[in-house]
Amino acid sequence: MRAGYVSAATTVWCHISCAEIEITSFLVASRIMAEEKSQTAASWENNPLPDVYPESHKEDGEAQAPDTKTGQSENYSPKLLKMLKAAESRWTPQDRDRDEEEAPESEAGVAEARKTDMQIQLTEQKQEFNKRPTKTVRRSLSRSISQTSADSFSSAFSESSDDESSPRDKRQQNSKGFSDFCVKNITQAAFGRREIEIAEQEMPALMFLRKRAGGEKPLAGAKMLGCTHITAQTAVLIETLSALGAQCRWAACNIFSTHNAVAAALAERGISIFAWKGESEDDFWWCIDQCISAQTWQPNMILDDGGDLTHRIYKNHLRLFKKLKGIVEESVTGIYRLYQLSKAGKLCVPAINVNESVIKQKFDNLYYCKESILDGLKRTTDVMFGGKQTVVCGYGEVGKGCCAALKALGAIVYVTEVDPICALQACMDGFRVIKLAEVVRLADIIITCTGNKNVVSREHLDRMKNGCIICNMGHSSTEIDLASLQTAELRWERVRPQVDHVIWPDGKRIVLLAEGRLLNLSCSTVPSLVLSITATTQVLGLIELYSAPDGRYKQDVYLLPKKMDEFVANLHLPTFDAHLTELSDEQAKYLGIGKHGPFKPNYYR
């Protein structure tokens, strides 16, 4: 029993002795640390770090810094030298005196010293922050409202600058004295030329046509009127037409889609172009009239996108319209107008319907819209798509592309349709087909893709919830009933370029993009490769109509033959290093087709 007490007492004494040893060791270590810190401070004061350090060692890449005590060089990493310099710059004489007089005697003292040093650093940073300039510089609305994803590198040059005057009010000329054009700023031509050169790399078929047919000049003598979007991709198209022998005069088919720098680059090359971003309605028609009414210029071909140029010539210049050799139309709206003229017996010139060609429908309308819808929405609204209740009006090729893109990012997608075949396709693809009136109160995003009129009416707009985003991916600006929003009780507020809040009296607001015009071409960039497919089809259609002998085409609307569709597709296959399988003679005979095509009948859609 007694031995047990002795053992226990011995154990307690040992623990106490160990604790005293640990405390003593800690105090000694603290004094040593304080002395080393004081000596380091004195060393920095007497021997400051050099301002210029020797170059890095050739073998191991470490910087050589001389040892101030021994005169020998020691290796320091560049990051370490930078840290030491920063520490020296923060070390003040008062800090050194304080540490020499009173070194911390315990861990608490060391912590207090570190806390004091941190407060000094924060104070210095706060003073430095307060010294930053606060002077603001006046900028144009389009550059000052938002510097988020609504901006792009190219938009800095293509959007309106501080000069808000209309280009119609000033006379411009290029470096060669040519002045038959009207663009925002001819001095942006160099930047626009770089944009065009980048697009050329992704448009192999057009470059092939330039190289193969440039010497033959199949469009020699053609006087081409064009009304399309003015982008780097359409610039490649326009310059291809010029390389093939055509003379071109051009205007924009959309008041928001023009890239100002690209228009300037075309004007610098001597092409008569009348377009700039942000035209008014009056400017829009003025630019088209400038293309048409040249005193010494008689057009014989039209390349149109939307039918506005064709409609203008037919209404105001019927004599010119009757002398045309052909029209190539790209959009569903323009095709509808041509069919109306044909049905009424008033179409006195042959036309080619590019929009309903297989190569256009399956690639431009589908893949182009599939990639650009998300880009346009992100740039303008920074919206998160996951879980959003989204309504896509129309399930044609454009609607299919939009639905696929939105579904891939987690949006809940509804579809509205009038065509039972398209509606059944939507159901098979996993989308719920519903009337807009049934879901409009829940919708976060509404996208129109029909090309029709008043798809979204004022009744729908009144029932939308606060913050609903509405935009158009069809061609025409008539899909949303904008006229009904131009009333006294509703207030419009421009919050970003091409982003408007329409505010109801109760404070509810909807977000309207691009004033109901094409979202992708107005608010985002476009994939060059897909547009190369459509542009090549347009060029081939123009060559066909211009070079066709009299009587081959009557005064009607035609589709491109499938052989031409397949030729355009073939020109783009090398981009993907694709290798086609060839039919044997026996296989071709079995199918009843040519060995090298066409592989689809003309009625194939």
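D375 forms a salt bridge with R379, with the closest N and O atoms 2.8 Å apart. A salt bridge here is a side-chain nitrogen of Lys or Arg within 4 Å of a carboxyl oxygen of Asp or Glu. The model is predicted: local features need pLDDT of at least 70, side-chain atom pairs count only at pLDDT 80 or more, and totals for chains, interfaces and linings use all residues. Residues are numbered from 1 along each chain as its sequence is written, and side-chain values use heavy atoms, with hydrogens and water left out.

Both D375 and R379 lie in helix α15 (residues 358-381). They are four residues apart, about one turn of the helix. Helices (H or I, at least four residues) and strands (E, at least two) are DSSP runs, numbered from the N terminus. D375 is partly exposed, at 21% relative accessible area. R379 is buried, at 14%. Buried means under 20% relative accessible area, exposed over 50%, and partly exposed in between (1.4 Å probe, protein chains only).

A second pair sits in helix α19 (residues 458-463). There, R458 forms a salt bridge with D462, and the closest N and O atoms are 2.8 Å apart. The two residues are four apart, so about one helical turn separates them. R458 is buried, with a relative accessible area of 18%. D462 is partly exposed, at 36%.

The salt bridge between K595 and D585 has its closest N and O atoms 3.5 Å apart. D585 lies in helix α23 (585-591) and K595 in the segment after α23, so the pair ties together parts that are ten residues apart in sequence. K595 is partly exposed, at 33% relative accessible area. D585 is exposed, at 56%.

Salt bridges also form a network, which links R168, D282 and D283. By the 4 Å rule, the count comes to 19 salt bridges.

Two strands pair if DSSP finds at least two bridges between them. Strand β9 (residues 389-393) runs parallel to strand β12 (residues 445-448), and four bridges join them. Within β12, I447 is the bridge partner of V392.
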